[in-house]
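Hello,

Here is the structure you asked about. Please open it first, then read my notes below.

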Amino acid sequence: MNSKIGIVGLGHVGSQVLTEVIQLGIFREIVGIDIIEHLSDGEALDHQHTRSLYSTNNVNIKGGSITDLNDADVIIIAAGESIQQGSEAPDRTLLTEASTRVIRDVMGQITKVTKDAIVIIITNPLDTILYIAQTEFDYPKEKIFGTGTTLDSARLRSVIGDYYNVDAKSVQANMLGEHGMTAFPAFSKITIDGIPISEYTQIVGKELINEDEIKDYVVQVANDVLNYKGYTNAGIAKVAATLAKAVILDERSVFPVCTVIDKEYGYSGDVAFSIPSIIGKDGVVQKLEVVLNEKELKLLHDSASYIKEIIAKAQKVK
């Protein structure tokens with residue numbers, strides 16, 4: 001393949017994204033970019049030295065700048081500050097001001113060199129930063145999306161799999177709304193190999209997993225990772241690489257990614273959050289307005305209201 005990808009921001013997350021993308025074996029050229037001088041060159045050299053190993057793909061890896069992305073197929077943005085450990089409930093929205101300035105700078109540079117690449121955003125607070133990127137720049141809207149609650153959903157499937165003692169890949173379940181404290185499970189849609197979770201529970205003779213407890217657990221476990229190791233990077237890097245693969249291979253896979261909601265659930269472009277969407281070579285091919293029950297709809301609207309408050313703060317940043 002002759003596909004090309006750029007990774008903007010090579011901190012804990014971006015450097016792990018680089019590792020994951022190399023292992024995919026579907027990109028012929030990878031460009032790393034960072035504001036710290038020579039960091040991208042160092043990352044490129046470090047990875048180039050592994051190319052003689054049989055387990056590593058022979059890929060052209062280099063440090064560069066955003067001007068090198070004029071012919072990129074995918075751009076992953078991981079630039080910006082990270083939330084700090086030491087709090088029981090670290091708040092991504094504390095990064096709003098700094099991250100807003102970062103995304104405006106990065107997107108401003110990207111739009112000068114390309115409007116063809118699919119842009120995948122990781123930078124937190126994700127929903128707000130995605131909204132700024134999608135609404136303030138003349139870039140095709142379907143070609144920009146955030147990793148959203150894809151990682152949150154992976155964590156949800158993991159905890160359900162552990163509870164029922166099955167492979168998490170057999171679980172179909174999504175977290176929706178904010179990538180953050182107001183995310184919630186679409187509990188009414190959870191299945192295990194296509195069997196509704198309530199029916200599966202009866203079949204195996206277990207007590208139904210508690211909806212509120214798993215919501216709280218999925219939100220809290222991200223904080224546990226942060227406070228145990230100082231940062232989170234493995235899960236989100238794997239998610240970003242998986243989404244990039246879905247784009248390059250035009251897989252039309254369904255993921256709960258973050259986009260501006262312009263008609264679904266009664267919204268009209270004034271908020272961004274995560275709902276299941278089909279991802280392919282053109283980015284977000286279609287957003288899926290799945291039917292939610294009354295409790296889930298309230299949680300969705302509560303999440304959207306919270307995100308709107310943070311967006312309003314970001315829009316005031318100069």
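What share of the 318 residues in the protein chain do buried residues make up? The figure is 52%, where buried means under 20% relative accessible area (1.4 Å probe, protein chains only).

First, the ground rules. This is a predicted model: local features need pLDDT of at least 70, side-chain atom pairs count only at pLDDT 80 or more, and totals for chains, interfaces and linings use all residues. Residues are numbered from 1 along each chain as its sequence is written, and side-chain values use heavy atoms, without hydrogens or water.

The protein chain has 9 helices and 14 strands. These are DSSP runs, numbered from the N terminus: helices are H or I with at least four residues, strands are E with at least two. The radius of gyration, taken over C-alpha atoms, is 19 Å, close to the 20 Å from the globule rule (2.2 Å times the number of residues to the power 0.38). The chain is therefore as compact as a globular protein of that length.

Now look at strand 2 (residues 27–33). Of its 7 residues, 6 are buried, so the rest of the structure largely encloses it. Strand 1 (residues 3–8) runs parallel to strand 2, joined by 6 bridges; strands pair if DSSP finds at least two bridges between them. Ser3 has Phe27 as its bridge partner. On strand 3 (residues 60–63), there are 4 bridges to strand 2, again parallel. Here Val31 stands opposite Lys62.

Best wishes

Technical notes. Buried < 20%, exposed > 50% of the residue type's maximum accessible area, 1.4 Å probe, protein only.
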